Amino acid sequence: GYEHFMLKEIHDQPKAVRDTFGTHISEDGKTVIFDELNWTADDVAAFNKILIVACGTAYHAGEVGKVAIEKLAKIPVITDIASEFRYNDPFIDENTLVILISQSGETADTLAALRESKNKGAKILAVTNVVGSSIAREADKVIYTLAGPEIAVASTKAYISQLVTVIMLALDFAKKLGTIEDSEYSKYIEELKTMPEKIDETLKSESITERIAEAIKEDKSMFFIGRGLDFLSVKEGALKLKEISYIHTEAFP
């Protein structure tokens, strides 16, 4: 029903968010739950630091995860690109949690980072979309993002599902550690619930997007600029335009 898969997957985003969110929320809709982790407050408190390791789009989701976990759960987080991580000899021990994000669960550099971390005794958590993938099989714990199959080159619904997952994980950690007020915790959950309809609303402005695309399609170079979390969004935006249109793009804070 769409001209191409990427357009279809952009329109799949509200459902992807609902599925990811709905799987990790209690029946009364008030509490984030990760039954598959089965971690107590003591387990989370034992992590003296967290490393988030991924490539490309998944790495950008990991950078959002870093901001969310540090802000809400007050645990220091380091993000690293998987292809660099394996050569960096990072400081890892049995009190380190390594979170690996991969849509396919088969990203070679991310898999190598998993094995390196495991050899050093770290706890391994995989965030992936594909059940039974290599990274899912080798990790200690797995969270599935449930975005459904992604065919297009540029990740859309898988990326937004990763964002929802890492933010909910940050909320879960914060609740267990007592680093978030109940009112703030509830506010985040209510905001997450409204995300699908906000995406639906955004998709209604497709004609505006088409007009902008028409106006800029001949440009040789584009700059995406943002601050804070918006900088992380524009990094992803620049990557999207670059990999689909081959126009040169740069993202700047």
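The model is a predicted one, in which local features need pLDDT of at least 70 and side-chain atom pairs count only at pLDDT 80 or more, while totals for chains, interfaces and linings use all residues. Residues are numbered from 1 along each chain as its sequence is written, and side-chain values use heavy atoms, with hydrogens and water left out.

**The sheet**

- Five strands make up an open sheet in the order β2-β1-β3-β4-β5, with parallel pairing; two strands pair if DSSP finds at least two bridges between them, and helices (H or I, at least four residues) and strands (E, at least two) are DSSP runs numbered from the N terminus.
- The edges are held by β2 (77-81) and β5 (141-144), each of which has a single partner strand, so one side of each is left without a neighbour in the sheet.
- Neighbouring strands of this sheet are turned by 20 degrees against each other on average, direction ignored; axes are lines fitted to C-alpha atoms, for helices over the stretch in contact, and angles run from 0 to 180 degrees between N-to-C directions.
- Strand β4 (residues 123-128) is joined to β5 by four bridges, and the two run parallel; T128 has Y144 in β5 as its bridge partner.
- Helix α6 (residues 108-119) packs on the sheet and touches β1 (49-54), β3 (96-102) and β4, its direction making about 165 degrees with that of β3; contact here means heavy atoms within 4.5 Å.
- Helix α8 (residues 157-177) also packs on the sheet, where it touches β1, β3, β4 and β5, and its direction makes about 160 degrees with that of β3.

**Strand β1**

- Six of the six residues of β1 are buried, so this strand is largely enclosed by the rest of the structure; buried means under 20% relative accessible area, exposed over 50%, and partly exposed in between (1.4 Å probe, protein chains only).
- In a regular strand the side chains alternate between the two faces of the sheet.
- Both faces of β1 are covered, with K49, L51 and V53 buried on one side and I50, I52 and A54 buried on the other.
- Five bridges join β1 to β3 in parallel, and V53 has L100 in β3 as its bridge partner.
- Five bridges likewise join β1 to β2, again in parallel, and A54 has I81 in β2 as its bridge partner.

**Nonpolar cores**

- The largest nonpolar core has 41 residues, and those with the most contacts inside it are I50, I69, I99 and F173; such a core is a set of buried Ala, Val, Leu, Ile, Met, Phe, Trp, Tyr and Cys residues joined through side-chain atoms within 4.5 Å.
- Two or more residues of this core come from each of α2 (13-23), β1, α4 (56-73), β3, β4, α8 and α9 (182-203), and the largest share, nine residues, comes from α8.
- Apart from this core lies another, of 17 residues, among them A82, F85, A122 and I124.
- F173 touches W39, V44, I50, A73, I75 and L97, not counting residues up to four places away in sequence.

- T20, in helix α2, is buried with a relative accessible area of 0%, and its side chain reaches the backbone oxygen of T145 at 2.3 Å.
- Leaving aside neighbours within four places in sequence, T20 is in contact with T145, L146, S161, V164, T165 and M168.
- D172, in helix α8, counts as buried at 6% relative accessibility, and it touches V32 and F34, not counting residues up to four places away in sequence.
- V166, which is also found in helix α8, is buried with a relative accessible area of 4%.

**Aromatic pairs**

- The structure holds three aromatic pairs; rings of Phe, Tyr and Trp (its six-membered ring) pair if their centres lie within 6.5 Å, and planes under 30 degrees apart count as stacked, over 60 as edge-to-face and the rest as tilted.
- W39 and F47 form an edge-to-face pair, 5.3 Å centre to centre with 70 degrees between the planes, and both W39 and F47 are buried.
- The rings of F223 and F252 have their centres 5.8 Å apart and their planes at 40 degrees, so this pair is tilted.
- F223 lies in strand β6 (residues 221-225) and F252 in strand β7 (residues 248-252), so the pair ties together parts that are 29 residues apart in sequence.
- F223 counts as exposed at 53% relative accessibility, whereas F252 is partly exposed, with a relative accessible area of 39%.
- W39, F47 and F173 form one aromatic cluster.

Terms used
Polar contact = N/O pair within 3.5 Å; in protein donor to acceptor, adjacent residues only side chain to side chain.
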